[in-house]
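Hi there,

Here is the model I promised to pass on. Have a look at it first, and my notes follow below.

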Amino acid sequence: MHIVYPAIVAAVLFSVGVYGVLARRNAILVLMSVELMLNAVNLNLVAFDVWLRDRLHGGQVLTLFTIVIAAAEVGLGLAIILLVFRNRQTIDVDALRTLREEGTAAEPVAPQPQPPEAEAAEEVAQ
Amino acid sequence: MLLGVVAVGAGVLVVTTRQLVHAALWLVVSFGALAGSYLVLTAEFVAWVQVLIYVGAVIVLLLFGIMLTRAPIGRSDVLDSGNRWAALAVAVATAGVLVTVVVRGFRDAYVPLKASGGTAGDMGASVFRGWVLPFEVLSVLLLAALIGAIVLSRTDIGAARADGDATRAGIDASRTGGDAAGTDIDAAGADIDAAGTDIGADGGERGADTKEGEA
């Protein structure tokens, strides 16, 4: 079999993961995209291990290690996401702007400046 | 090749679908297709580990996360960020560069697919002969991640959370201080408990692995 096929599949899958990480707003979906990227790397490792016929099977063993690290990462990531949800009632990564730099307050979709508008609406209604 | 197409297609659906639960289920399809690819590449042990850990554990964990964060079930249009076009450009650029490099680099590299040491026995032998130290380091890492997850997700411990509550809700500092002091002892006890059980579980898992390697 041509070694290019799994390599191309891995490259495309990695790009899909990059798009997911950059474009999604829900933190759990970001985690899923990270998983996709890790799996692309795994596919590369297995394919090149089979191609190079490593006597120690470094590629496949490293794949197992990557799977373990990914499991640990998902566990910790979900714990952090649940903590954020408990504190903020949202896991929208666009709305978590507490650590932003001062002066770059370009808030396109953040729901922060709602209260004044709501008050104004109430005043108008009255 | 069909498996690769299925994996990529399901991956695209994961990052474009508008329903959160469907994204998780498409992720199952993608990981399953990848496991099939590993089987085709004669790495059967890795394939079964992929099925067990990813399809079995990670997806269930993600579904629990979706459930616990009260995610919107059903269609929702707020899952995509505002910068999706920039993200699409970056992703297409990444794909172009990677595919070009890979095709140019490995244009005439063929791999003869015959059964070559991807079985559980071979993997066990190589893990426990050549890669013992990384294996042990990885068990310690797993233990650390487990304790960290427990500490992060418990509500009654942790000064950081008390601080956050104090700044957000304006609780006076003396009360949170007292709370923290009261729960610290609890926390230490729970941590020791967690460490003990995890060492037990780890030992059991290692024993099972060794048996598998010998078999």
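What pattern does chain B follow when read along the sequence? The answer is α-α-α-α-α-α-α-α. Please keep in mind that this is a predicted model. In total, the secondary structure of chain B comes to 8 helices and 0 strands. Of its 215 residues, 20% are buried. Among the contacts in chain B with a separation of 6 or more, 64% are between residues 24 or more positions apart.

Now to the nonpolar core. The largest one has 68 residues, and A:Leu13, A:Ile28, A:Met32 and A:Val46 have the most contacts inside it. At least two residues of this core come from each of H1 (4-23), H2 and H3 of chain A, and likewise from each of H1 (2-16), H2 (20-40), H3 (44-68), H4 (84-105) and H5 (120-130) of chain B. H2(A) gives the largest share, 15 residues.

Finally, a helix pair in chain A. Helix H2 (residues 27-52) packs against helix H3 (residues 58-88) at an angle of about 175 degrees, with the axes 9 Å apart. The two are therefore roughly antiparallel. On the H2(A) side the contact includes A:Ile28, A:Leu31 and A:Val46, and on the H3(A) side it includes A:Leu62, A:Ile67 and A:Ile81. By class, this contact has 13 nonpolar, 7 polar and 2 charged residues.

Best wishes

Note on methods. Residues are numbered from 1 along each chain as its sequence is written. Chains are lettered from A and ligands numbered from 1 in the order in which they are written. This is a predicted model: local features need pLDDT of at least 70, side-chain atom pairs count only at pLDDT 80 or more; totals for chains, interfaces and linings use all residues. Axes are lines fitted to C-alpha atoms, for helices over the stretch in contact, and angles run from 0 to 180 degrees between N-to-C directions. Helices (H or I, at least four residues) and strands (E, at least two) are DSSP runs, numbered from the N terminus. Angles under 35 degrees count as roughly parallel, over 145 as roughly antiparallel, 65 to 115 as roughly perpendicular and the rest as oblique. Two residues are in contact if their C-beta atoms, placed from the backbone, lie within 7 Å. Ala, Val, Leu, Ile, Met, Phe, Trp, Tyr, Cys and Pro count as nonpolar, Asp, Glu, Lys and Arg as charged, and the others, Gly among them, as polar. A residue is buried if 20 or more other C-beta atoms lie within 10 Å of its own, exposed if 12 or fewer, and partly exposed in between; C-beta atoms are placed from the backbone. A nonpolar core is a set of buried Ala, Val, Leu, Ile, Met, Phe, Trp, Tyr and Cys residues joined through C-beta atoms within 7 Å.
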